[in-house]
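Have the sequence and the 3D view open side by side, and let's walk through them together. We will take each chain in turn and then look at where they meet.

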Amino acid sequence: MKGLEAISYYNGWNISATGIFIVFTALCTLSFIISQLHKGLMIWEKKEDYIKKAGKMFSRSKKTVPHRKIKASESFNESARQFHVLIQSMKDPFSLPKLIMLAKKIDLGHPHSTVNDLLSAKLIVPDGKGLYYWDHDVYTTILEKE
Amino acid sequence: MELLMEFLYNTGFAMVDYRNFIMIGIGCIFIYLGIAKHYEPLLLVPIGFGILIGNIPVFKGLGLGIYEDNSVLHYLYFGVTQGIYPPLIFLGIGAMTDFSTLLARPVLMLLGAAAQVGIFITFLSALALGFEPNEAASIGIIGGADGPTAIFLTAALAKELIGPIAVAAYSYMALVPVIQPPIMKLLTTRKERLIRMEEPRTVSKTERIIFPIVALLLCCFIAPAAIPLLGMLCFGNLLKEAVVTERLAVTARTAVIDTVTILLGITVGASTQADVFLTPKSVGIFVLGAASFCVATAAGVLFAKVLNLFLRSKINPLLGAAGVSAVPDSARVVQIVGQQEDPTNFLLMHAMAPNISGVIGSAVAAGVLWSFMM
């Protein structure tokens, strides 16, 4: 038997197609695995770092974020004074965007971060209705400590 | 006088026929190509000399010929017919091969897979020409351009064809510098041949140690019949990369592989006795073997061109020709053809990746064919 008849009779088409498929599968899979091998090894070599990072992330999510303690540094006190003057020119309660806009207008340095520090130090306190007021008692305490 | 005449009748001169002379001529050509042209001398010289040994006419019944039970040559040939030598050669190849380039750019492994298409196309062609499936599978594996693999599969499937298939496989391996360049040039443009490859990344020692283990487990789980060849290849490579077993690796890549190559070459050569070798089947095997080799080379080159359609960092399609596993000759041919276009383009290191993956691919293909024919 010869020709295409022989190929079909001996199941040649299926054998060849399956054979090519198996060889490609084996080498493609091997190729994929070795392309990822060095990445896996890198993770394995730095496993302690990764464990630490993961641990930190895990513990951070459990604990409540502590309030940042604002040190009454000279620059902070000076900023508080400047903002106190600025707020006196506004009606109580005041809006924060307006305060920041005014601060920008008169060229006070870093108005966003300063307002954030004043909020953290509870010098600026929310009134619960979307506006804020200046806490004179806290301000007096800070000045006394100075 | 009668005694003298009887002696004369038993000499080679009285028993010789023209076919022996043809084979002795082929043996001499092999020795010439090996020594004068440096075409695979470590293989062609032993095989060529074996052809001379095998074609000296001997008186049947004296236990001299390789096909006679209890002859010394028959015992040595046992390693071929039982598939013992090829895995030992793979052990040595593993112990001398550096897989770093393959690990640095794994995508080149696909070129080794593509070149194996030649095996299956030749298998179909052999079936179409009237060969039995077992014989067709053994002939097809010549396209893998891997002598030990061809012998291993033929020993398992069609013992009677070991001689012609082994000689065809090794002849074409030796003729890689002649067969491949025209196909490579025909299928590529000058612009493609000028493509420079990216510098490969540095591969760590741990990667090199893990690779033979992963390769063995993965490939042999997919094609268990490849265990004898891939098992020894990966074991040899592990011995090399582990460093602590350097003594064993050195033995495997020197004493073991050299001894086995001598025994394999001489016995395969001796198995080509004219009456067994010079048959119409052998002619068919040689024709199909050459076709198989050409198709495998073309498949590798064309697949590299297809891959380039999807890759950001292009690969030189000449590398596809190294997908046939004639290590390291086909990689050297890639380097030579590449440098004919640009003498400052060094492709050898990159070509070793598909070349080595071709070894793995042809072993897997042999395993697959063997399992289909069982």
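What follows is a short tour of a predicted model, chain by chain and then across the contact.

Let's begin with chain B. Its secondary structure consists of 21 helices and 0 strands. With a radius of gyration of 21 Å, close to the 21 Å that the globule rule gives for 374 residues, chain B is as compact as a globular protein of that length. Of the 374 residues in chain B, 56% are buried.

Now turn to chain A. Here you will find 7 helices and 2 strands, and reading along the sequence gives the pattern α-α-α-α-α-α-β-β-α. Chain A is divided into domain 1, covering 3–62, and domain 2, covering 74–145. Over C-alpha atoms, the centres of these two domains of chain A are 60 Å apart. Buried residues account for 18% of the 146 residues in chain A. Among the contacts in chain A between residues at least 6 apart in sequence, 48% link residues at least 24 apart.

Next, bring the two chains into view together. Chain B contributes 36 residues to the contact and chain A contributes 28 residues. On the chain B side, the elements giving two or more residues are α8 (109–115), α9 (117–128), α15 and α21 (348–373). Which of them gives the most? That is α15(B), with 9 residues. By class, the side of chain B that touches chain A has 28 nonpolar, 7 polar and 1 charged residues.

In chain B, the axes of α15 (residues 205–222) and α16 (residues 227–242) come within 8 Å and cross at roughly 170°. Angles over 145 degrees count as roughly antiparallel, so α15(B) is roughly antiparallel to α16(B). To trace this contact on screen, pick out the α15(B) residues, including B:I209, B:P212, B:L216 and B:C220. Their helix meets α16(B) at residues that include B:I227, B:L230, B:C234 and B:L238. Sorted by class, the residues of this helix–helix contact divide into 12 nonpolar, 2 polar and 2 charged.

Conventions. Residues are numbered from 1 along each chain as its sequence is written. Chains are lettered from A and ligands numbered from 1 in the order in which they are written. This is a predicted model: local features need pLDDT of at least 70, side-chain atom pairs count only at pLDDT 80 or more; totals for chains, interfaces and linings use all residues. Axes are lines fitted to C-alpha atoms, for helices over the stretch in contact, and angles run from 0 to 180 degrees between N-to-C directions. Helices (H or I, at least four residues) and strands (E, at least two) are DSSP runs, numbered from the N terminus. Angles under 35 degrees count as roughly parallel, over 145 as roughly antiparallel, 65 to 115 as roughly perpendicular and the rest as oblique. Two residues are in contact if their C-beta atoms, placed from the backbone, lie within 7 Å. Ala, Val, Leu, Ile, Met, Phe, Trp, Tyr, Cys and Pro count as nonpolar, Asp, Glu, Lys and Arg as charged, and the others, Gly among them, as polar. Domain bounds come from an automatic or database domain assignment. The radius of gyration is taken over C-alpha atoms; the globule rule is 2.2 Å times the number of residues to the power 0.38. A residue is buried if 20 or more other C-beta atoms lie within 10 Å of its own, exposed if 12 or fewer, and partly exposed in between; C-beta atoms are placed from the backbone.
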